[in-house]
Amino acid sequence: MPDELADRLRGSGYRLTPQRQLILRAVEDLGHGTVDEVLARVRTQASAVNASTVYRTLEVLEELGLVRHTHLSDRAPTYHSAREPEHFHLVCRQCQRVRSVEPDAAAALIAVLRRDHGFDVDLGHLAIFGQCVECEAVEAPPHPH
């Protein structure tokens, strides 16, 4: 990835800096991370990096197609690597767990939206909120005998 990062940055008039490398690596390591989570990860290796550097770098990396963002809660956007296969997200409102799901699972919905509504879905930004079966099982009252 460092070569791809360097090529994309230079091709767009940016320099390859250690901070940019650390921020991209943090996003990839986290899988899904907010700016604060990316910052905390980066600061384990470079304590002088500040939040504005992370915000600006994530904007550049997204502009270059290296990261994507989605909204997985009411808080700040969550970033993930664009190198991951396309996916959408299931978010449990109870435990906050995020699951990445392959596009095929939404194929019927995508087809209906395209056919009936003339709408093309951007799966990378799709997040479906609900409750996972693990949390549902914890909340379910015991069955009477």
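A nonpolar core is here a set of buried Ala, Val, Leu, Ile, Met, Phe, Trp, Tyr and Cys residues joined through side-chain atoms within 4.5 Å. The views below are all taken from a predicted model.

**View 1. The largest nonpolar core of the predicted model has 20 residues.** Within this core, the residues with the most contacts are Ile-23, Val-38, Val-42, Val-54, Leu-58 and Leu-61. The elements that contribute two or more residues to the core are helix 1 (2–11), helix 2, helix 3 and helix 4, and helix 2 supplies the largest share, with five residues. Val-54, one of the residues with the most contacts inside the core, touches Ile-23, Val-35, Val-38, Leu-39 and Val-49 when residues up to four places away in sequence are not counted.

**View 2. Helix 3 (residues 35–43) has Val-35, Val-38, Leu-39 and Val-42 buried.** Seen down the axis of helix 3, the buried residues fall within an arc of 100°, and they therefore line one face of the helix. An α-helix has 3.6 residues a turn, so residues three or four places apart point the same way. The partners against which the buried residues of helix 3 pack are helix 2 (18–30), strand 1 (33–34), helix 4 (51–63) and strand 3 (78–81).

**View 3. Thr-57 is placed in helix 4, and Asn-50 in the loop between helix 3 and helix 4.** With a relative accessibility of 6%, Thr-57 counts as buried, because buried means under 20% relative accessible area. Apart from residues up to four places away in sequence, Thr-57 touches Arg-20 and Ile-23. Asn-50, by contrast, counts as partly exposed at 34% relative accessibility. Leaving aside neighbours within four places in sequence, Asn-50 is in contact with Leu-39 and Arg-43; the C-alpha atoms of Asn-50 and Leu-39 are 7.3 Å apart in space, while the two residues are 11 residues apart in sequence.

**View 4. Three strands form an open sheet in the order 5-4-6, with mixed pairing.** Strand 5 (98–101) and strand 6 (127–130) stand at the edges and each has a single partner strand, so one side of each is left without a neighbour in the sheet. From one strand to the next, the twist averages 25°. Strands of a sheet pair through backbone hydrogen bonds, either parallel or antiparallel. Strand 4 (residues 88–92) and strand 5 run antiparallel and are joined by four bridges, and His-89 stands opposite Ser-100 in strand 5.

**View 5. The loop between strand 4 and strand 5 holds Gln-96.** Although Gln-96 is not a glycine, this residue has a positive phi of about 70°. Gln-96 is partly exposed, and its relative accessible area is 49%.

**View 6. Arg-83 and Glu-28 meet through their side chains in a salt bridge, at 3.5 Å from N to O.** Arg-83 lies in the loop between strand 3 and strand 4, whereas Glu-28 lies in helix 2, so the pair ties together parts that are 55 residues apart in sequence. Glu-28 has a relative accessible area of 28% and is partly exposed. Side chains of opposite charge can pair when their charged atoms come close. In the whole structure, a search finds six salt bridges.

**View 7. Arg-68 forms a salt bridge with Asp-122, in which the closest N and O atoms are 2.6 Å apart.** Because Arg-68 lies in strand 2 (residues 67–70) and Asp-122 in the loop between helix 5 (107–117) and strand 6, the pair ties together parts that are 54 residues apart in sequence. Both residues are partly exposed, Arg-68 with a relative accessible area of 24% and Asp-122 at 38% relative accessibility.

**View 8. The side chains of Asp-120 and Arg-114 meet in a salt bridge at 2.5 Å, N to O.** Asp-120 counts as exposed, at 55% relative accessibility, whereas Arg-114, at 47%, counts as partly exposed. The two residues fall into separate classes because exposed means over 50% relative accessible area, with partly exposed lying between that limit and the 20% below which a residue is buried.

Key
Residues are numbered from 1 along each chain as its sequence is written. This is a predicted model: local features need pLDDT of at least 70, side-chain atom pairs count only at pLDDT 80 or more; totals for chains, interfaces and linings use all residues. Side-chain values use heavy atoms; hydrogens and water are left out. Two strands pair if DSSP finds at least two bridges between them. Axes are lines fitted to C-alpha atoms, for helices over the stretch in contact, and angles run from 0 to 180 degrees between N-to-C directions. Buried means under 20% relative accessible area, exposed over 50%, partly exposed in between (1.4 Å probe, protein chains only). The arc is that of the directions from the helix axis to the C-beta atoms. Contact means heavy atoms within 4.5 Å. A salt bridge is a side-chain nitrogen of Lys or Arg within 4 Å of a carboxyl oxygen of Asp or Glu.
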